[in-house]
Amino acid sequence: MSAALEFDAVSFGYAGGGTLVLDGVGFSVPEGAFALLCGATGSGKSTLLRLAKPEIRPAGELAGTVRVFSEDVAGLSPVASAAAVGYVFQSPDAQIVCDTVWHEMAFGLENLGVPEAEMRRRVAETCNFFGMEPWFRAQTAELSGGQRQTLALAATLAMRPRLLLLDEPTSMLDPIAEKAFLGLLFRANRELGITVVVATHAPRAMAEYATCAFVVDRGEVREASVAEVALRRPLTVDKGAVHPAGSEVVSARELWYRHGRDCDWVLRGLDLRLVRGEVRALVGGNGCGKTTLLSVLAGVAKPQKGRVKNALAASQALLPQSPKAILARETVREELSEWGSGAGYGAAEVDAALEELGLADAADRHPYDLSGGQQQLLALKKLLLCRPQFLLLDEPTKGLDAAARERVARAVVAAREAGATVLLATHDMAFVEAVADRVSLMFDGDVTCTQPTAEFFADSWLYRP
């Protein structure tokens, strides 16, 4: 069987990055495969995938050859690259550029100069394949995380690539949306004959679809069995005793919120109260209002009706779904140092943070040259250095391996033990089990129930750690 993707003695290092990210890598993915690419956070999975797509190849020193369907990618024109290789980023926000779904679907085709009649047909067929017709005319800003991820995949497949590369495509999807998305990806692989390579920290969910697996470790790539990479590795974090009920510090009463006058309500008469020192998890399907609720409680968005009381507003920090929203400096060190004078920390704390994150060798690199998971850890650490009393976290473990998720869990537990109140929105049920005192299930813009964590999982048939 011919190879869809080949790496031949490939080495790569980022400018200012010190050690090589990839060192003499050699492997191939057969045409028609559904391949899993696993490895620790920052191991080089995203770098490896981007080297197969000339338009997004990272800046740095490259040796060796990358081929797609026997052609050196260095010689591919943009049109030939689009016809051969599709790429879906870890965050759809890094990929979606248009205001409406229909325009996003057509955008790539317009750039390729596809005739209008052919363009309309491709868009229609792809939207039908993904069941997108009900929200075809929607504004992209109003889509849920799952819908944005589906749109990113659909817009890529509308260009009909033969090889599809995906970077953590399910990291922001709820369990049901994840199964639906993977079902669509599997159909694209089996029914359309597209070779799929997925970089993931969640291989268990994809094991039934995968035909082969590879592990990136210390700059090298080795082949592994699907069963090996899909082994369950539970989080082992001691969160201590459940914090006793304290005084109410944050509350929402009868909140109603929508993005615009003609939009549907995202929050519908929602009530929520948090007590000092608790860790509360918000769970629920994509689009149920978790992210919006975090924004309203943080004062970023203003509700149309209802009232928010936040006694911790003077010492709060919000980690958004996209860490790039708070990464704005030229180097990793500058990111961690940015708020030092105002928050009362200095170079010693920054050096310690770099060591803790494993980024001491990457201190002079641009934050955008880090992997998505490393950016996530960097953004969280930047907030934690300020020692906020109210920490709002939106999908804090997305794109992270088990070891990095444990580091985040320990950081959350440590913040709680220092007196902070934490509200987090996540689809990572193992993380919820490890850190949360109570869980609130959101549905239809409201909080359906709130229970102690163990009780919530015992009563649920859908949500499991």
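How exposed is Leu462? Select Leu462: with a relative accessible area of 31%, this residue is partly exposed (buried means under 20%, exposed over 50%, partly exposed in between, with a 1.4 Å probe and protein chains only). Leu462 sits in the segment after α15 (453-459).

Before moving on: this is a predicted model, where local features need pLDDT of at least 70 and side-chain atom pairs pLDDT 80 or more, while totals for chains, interfaces and linings use all residues. Residues are numbered from 1 along each chain as its sequence is written, and side-chain values use heavy atoms, leaving out hydrogens and water.

Next, pick Asp8 and Arg67, whose side chains form a salt bridge at 3.5 Å, N to O (a side-chain nitrogen of Lys or Arg within 4 Å of a carboxyl oxygen of Asp or Glu). Asp8 is in strand β1 (residues 3-14) and Arg67 in strand β4 (residues 60-68), so the pair ties together parts 59 residues apart in sequence. Strands here are DSSP runs (E) of at least two residues, helices (H or I) of at least four, numbered from the N terminus.

Now jump to helix α13 (residues 402-417), where Arg410 and Glu406 are four residues apart, about one helical turn. Their side chains meet in a salt bridge of 3.7 Å, N to O. Arg410 is partly exposed at 43%, but Glu406 is buried at 16%.

Last stop: Asp394, in strand β16 (residues 390-394). Asp394 is buried without a salt bridge, and the nearest oppositely charged side chain, Lys290, is 6.9 Å away (Lys and Arg count as positive, Asp and Glu as negative; His and chain ends are not counted).
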